Amino acid sequence: MAEELKLDNLKAVKVLGKGGMGTVFLVQLENNNSHVALKVVDKSSSHHDAPRRARWEMNVLSRLSHSHPFLPSLLGSFHSQNLMGWAVPYCPGGDLNALRYRQTDHVFSPAVIRFYVAEILCALQHLHSMNIAYRDLKPENVLIQQSGHVTLTDFDLSRTLSPSVNIPSNTTTPPPSRKHRRWVPLPLPLHAKNKNPKPARVSPVNRRKLSFVRSTSFVGTEEYIAPEVLRAEGHDFSVDWWALGVLTYEMLYGTTPFKGTNRKETFRNVLFKPPEFVGKKTALTDLIMGLLEKDPTKRLGYVRGASEIKEHQFFRGVKWDLLTEVLRPPFIPSRDDVDATTTKSFAAGLDIKGYFQSLKSPPSLPPSPLRSPSFEFQNNVSLPEF
Ligand SMILES: Nc1ncnc2c1ncn2[C@@H]1O[C@H](COP(=O)(O)OP(=O)(O)OP(=O)(O)O)[C@@H](O)[C@H]1O
């Protein structure tokens, strides 16, 4: 049961990350000295949809709580007049994208890819079994727990599928199984009037910024969007299998398969360009090809969901029931990293309300060569450490 948190009692140690919707703080709990991640959303944020999406994310988290080892649990929540927020377990290992950038050549070995993709697959399988499509799979949303196992984060784009079905007319598979449930198309980015299209990302830092694009366009991160979403045909759980293919490709090659020089080109590539593979065919490239099938009804996972993907030869030998008992995941955050993280920044604790107030009232004084203490404070608190 998630506890009711009192904002005035919460002191943030640092800002962990900042997304389109909210700011995530590292918070030390007073009673037991442990750390949690607290996502706080300003209800009066310029993002008009923020409170609704925040309530939805909290709702999903409460349903997920303690249901799967690779999904977060809602530990507590609060509502104040202007802010709302919730706490989930802190993942000190950062995200999969940052981890990949720390590797030689910015790629993972097939063995490491197998570990992470297997865990993500299990997390998605569990979500789908609850009729939830995640719709925002990307390496930045895969966090590494203290144990080295993964946790998915950021559920504001997820959706529960309605029982209404939109079955492709040419299918011979019997309705109405879960896989055929679809929901109405999202706004179509290709047709959307965007006077100022943002370029496709070229670095993790740019991709972080792109989440603002994603938040407003509400369709997912551009390089991870499935073709059926772009075609506005209605989409189902298979969008997550597509994104899993993009993620797996990126872990293998260090770049996403359909990235263009601008958004339009990226979308054209998603719709029409086959993914390119370097070197000889392997079980891993075969898996990626199956996931990156442009027709969702032919995509690996369409017919039997995650079980179908688990049977792929790339996962041969994986003991699915024992994944959580793998004692040595490929990377385990060191205690030193965690301690360093938590002891720097705000030894005395950062007042969360004050943080949001400072964002609303930027200093109006002309720039001075001498930085005032308040200027320093603002710089420190408003920049996520990415
Ligand atoms: N449990 C956690 N442990 C550690 N860091 C976290 C945790 N949850 C979130 N973060 C950090 O905060 C960042 C932002 O979180 P999140 O993606 O949930 O916010 P958001 O506002 O929904 O972002 P987006 O614009 O991508 O929707 C994450 O990328 C991650 O770096």
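This is a predicted model: local features need pLDDT of at least 70, side-chain atom pairs count only at pLDDT 80 or more; totals for chains, interfaces and linings use all residues.
I'll start with the cysteines. The cut-off for calling one here is a sulfur pair within 2.5 Å. Take Cys91: the closest cysteine sulfur is in Cys122, 17 Å away, so a bond is ruled out by distance. Looking from the other end, the closest cysteine sulfur to Cys122 is that of Cys91, again at 17 Å and too far for a bond.

Next, the lysines. Lys14 belongs to strand 2, residues 11-18. Is Lys14 buried or exposed? Buried, with a relative accessible area of 9%. For a sense of scale, the C-alpha atom of Lys14 is 41 Å from that of Leu271, and the two residues are 257 apart along the chain.

Lys39 lies in strand 4, which runs over residues 35-42. An unreviewed UniProt entry annotates Lys39 as "binding site". That label comes from the record and may be inferred rather than shown by experiment. In the model, Lys39 counts as buried, with 12% relative accessibility. Leaving aside residues up to four places away in sequence, Lys39 touches Met21, Thr23, Val24, Glu57, Met84, Gly85, Trp86 and Asp154. With one of these, Glu57, the side chain of Lys39 makes a polar contact of 3.0 Å.

Now the cores. The largest nonpolar core has 70 residues, and the members touching the most others are Leu96, Ile120, Leu137, Leu152 and Phe315. Which helix gives the most to this core? Helix 3, residues 110-129, with twelve residues. Domain 1 (3-90 + 343-360) and domain 2 (96-325) both supply residues, so this core lies between them.

Leu137 is worth a look in the viewer. Beyond residues up to four places away in sequence, its contacts are Ile120, Leu124, Val142, Leu152, Tyr224, Asp240, Ala243, Leu244 and Leu247. There is also a second, separate core, with 18 residues, among them Leu5, Ala12, Phe25 and Tyr355.

Methods:
Residues are numbered from 1 along each chain as its sequence is written. Side-chain values use heavy atoms; hydrogens and water are left out. Helices (H or I, at least four residues) and strands (E, at least two) are DSSP runs, numbered from the N terminus. Buried means under 20% relative accessible area, exposed over 50%, partly exposed in between (1.4 Å probe, protein chains only). Contact means heavy atoms within 4.5 Å. A polar contact is a pair of N or O atoms within 3.5 Å; within protein, one must be able to donate a hydrogen and the other to accept it, and residues adjacent in sequence count only if both atoms are side-chain atoms. A nonpolar core is a set of buried Ala, Val, Leu, Ile, Met, Phe, Trp, Tyr and Cys residues joined through side-chain atoms within 4.5 Å. Domain bounds come from an automatic or database domain assignment.
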